[in-house]
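This report looks at a ligand site and the domains around it.

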Amino acid sequence: MTIDISELQRLDAAHHLHPFNDNAALAKKGTRVLVRGEGCYVWDAEGHQLLDAFAGLWCVNIGYGRPELGEAASRQMTRLAYYNSFFQCTTEPTIRLAAKLAELTPGDVNHAFFVNSGSEANDTILRLVRHFWAVQDQPQKNIFIGRHNGYHGTTVAGASLGGMKAMHGQGGLPIPDIAHIEPPFWFADGGDLDEDEYGLRAARRLEDRILELGPERVAAFIGEPIMGAIGVYIPPRTYWPEIERICRKYDVLLVADEVICGFGRTGQWFGAQHFGFQPDVMTLAKGITSGYIPLGAAMFNDRVAGVLKDSGGELAHGATYSGHPVCAAVALENLRIMQDEHIVEHAREQIAPYLAQRWAELGEHRLVGQARITGLMGALELVPDKGRRGFFDERGTVGALCRDIALRNGLILRATYDSMLLSPPLVITRAQVDELFDKAWKSLDQTAQELGR
Ligand code: PXG
């Protein structure tokens with residue numbers, strides 16, 4: 001069956017509002033329609049094959065086209081397409097998934113509340129953590145501290161917890177009782193400090209802010225182990241242990257938003273394990289189903305869940321699709337494949353060291369000021385002057401140019417400002433890493449040529 005692309009583009013322009021797009025500009029240009037995926041590749045309706053070095057949107061961890069996930073969905077849909085977890089009921093895959101997540105997440109983070117996305121998981125965390133303190137006679141302990149340029153989703157609470165100015169500028173955000181501190185980004189902010197010293201200094205901004213607000217008012221700190229959307233800010237190894245120490249000292253709950261870092265992205269199951277800290281609460285989504293079906297989970301440790309369970313009343317929170325059996329069945333199949341095929345170990349042992357080596361080679365390109373990478377998550381910082389840690393005057397133009405050139409070369413990289421971001425499926429092979437390197441190098445060369453004109 002052939003696809004009439006211009007007809008689809010016309011309908012899209014007429015009826016579809018795209019997230020995070022200039023919709024008027026897109027309507028003029030015409031959207032790209034993707035039609036198929038297999039492993040690390042996707043194909044568009046015009047027949048272009050693209051190496052997806054971004055795993056969709058940081059999520060297709062097991063790669064595209066695994067029929068087992070469709071079969072798991074089909075089996076569950078045929079048997080019991082839907083039942084809820086309200087009214088003292090639930091379904092078998094929902095229970096089994098909660099238990100599986102308790103097994104995989106570190107320490108005593110043993111209790112799942114299911115939703116449909118990362119944003120909703122963070123909304124859930126905001127409400128239930130505030131409730132946790134309130135039922136212990138500390139209703140004033142309700143402030144969440146996040147970070148400027150953090151990304152925690154786009155719902156009212158998610159976007160408020162995040163620190164993206166553009167999002168705060170639309171819709172009257174942030175909501176009250178949310179504070180932000182500066183993120184750890186040594187490349188821009190480290191000055192003369194070495195990275196380890198800088199990591200401690202950046203973490204202590206949390207202590208300063210807690211003391212400013214009063215520890216009796218601060219409910220929780222939330223952070224992505226590695227900040228993804230803003231440009232893969234990899235904190236120095238000293239950062240998270242210091243954050244953990246500060247949270248414990250002032251009895252502030254530590255929330256790790258693992259939506260991107262979770263499910264193998266860093267080479268460990270979770271980013272917290274990579275950095276060696278123990279969260280009280282975790283946000284999960286994306287890789288939980290490898291993006292095959294929407295699902296999010298807020299995970300709580302024994303302390304928080306214990307208080308929520310024993311609070312002597314009904315938990316006034318939940319969605320129609322909390323614990324949807326089809327989504328849970330797909331997540332279970334995804335996690336079974338990841339475990340049976342040792343996909344996290346493959347990423348950590350076979351791919352991460354080789355990718356780090358090739359990424360460092362890209363770092364030698366004259367356009368690249370820093371090539372940072374952890375596990376299968378990296379960024380190339382494009383700069384005007386290779387000898388200096390600085391940025392282009394008009395940020396984002398060069399990144400967008402490089403992204404478009406890469407696309408023409410058959411490579412999907414995301415650009416945030418002038419950082420080219422990397423997050424391939426975890427099943428990528430060494431040969432595909434070489435292909436990625438060749439296409440990225442060629443794209444950097446062509447970008448530099450364009451700039452020289
Ligand atoms: N937390 C983190 C750390 C995320 O990266 C969310 C929460 C929200 O998840 P949902 O499922 O509600 O989207 C995210 C999502 C980008 C980009 O441009 C990143 C995300 C979403 C959309 C775009 O890098 N991350």
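## Domains

The C-alpha centres of domain 1 and domain 2 lie 26 Å apart. Domain 1 comprises 32-65 + 342-452, and domain 2 comprises 68-340. These bounds come from an automatic or database domain assignment.

In this predicted model, local features need pLDDT of at least 70 and side-chain atom pairs pLDDT 80 or more, while totals for chains, interfaces and linings use all residues. Residues are numbered from 1 along each chain as its sequence is written, and side-chain values use heavy atoms, leaving out hydrogens and water.

## Domain interface

Contact (heavy atoms within 4.5 Å) links 38 residues of domain 1 with 36 residues of domain 2. The buried area between the two domains is about 3,000 Å². That is the accessible area (1.4 Å probe) lost on putting the two parts together, summed over both. Carbon and sulfur atoms give 60% of it.

## Ligand shell

Both domains give residues to the shell around the ligand, so the ligand lies between them. Of the 16 residues around the ligand, Trp58, Gly118, Ser119, Asp257 and Arg414 come nearest. Helix α6 (118-134) is one of the elements that supply at least two shell residues. α6 gives the most, with three.

## Polar atoms at the ligand

A polar side-chain atom of Ser119 lies 2.5 Å from a ligand oxygen atom. For Gly118, a backbone N or O atom lies 3.0 Å from an oxygen atom of the ligand. Lys286 places a polar side-chain atom 3.2 Å from a ligand nitrogen atom.

Technical notes
A residue is near a molecule or strand if one of its heavy atoms lies within 4 Å of it. A polar contact is a pair of N or O atoms within 3.5 Å; within protein, one must be able to donate a hydrogen and the other to accept it, and residues adjacent in sequence count only if both atoms are side-chain atoms. Helices (H or I, at least four residues) and strands (E, at least two) are DSSP runs, numbered from the N terminus.
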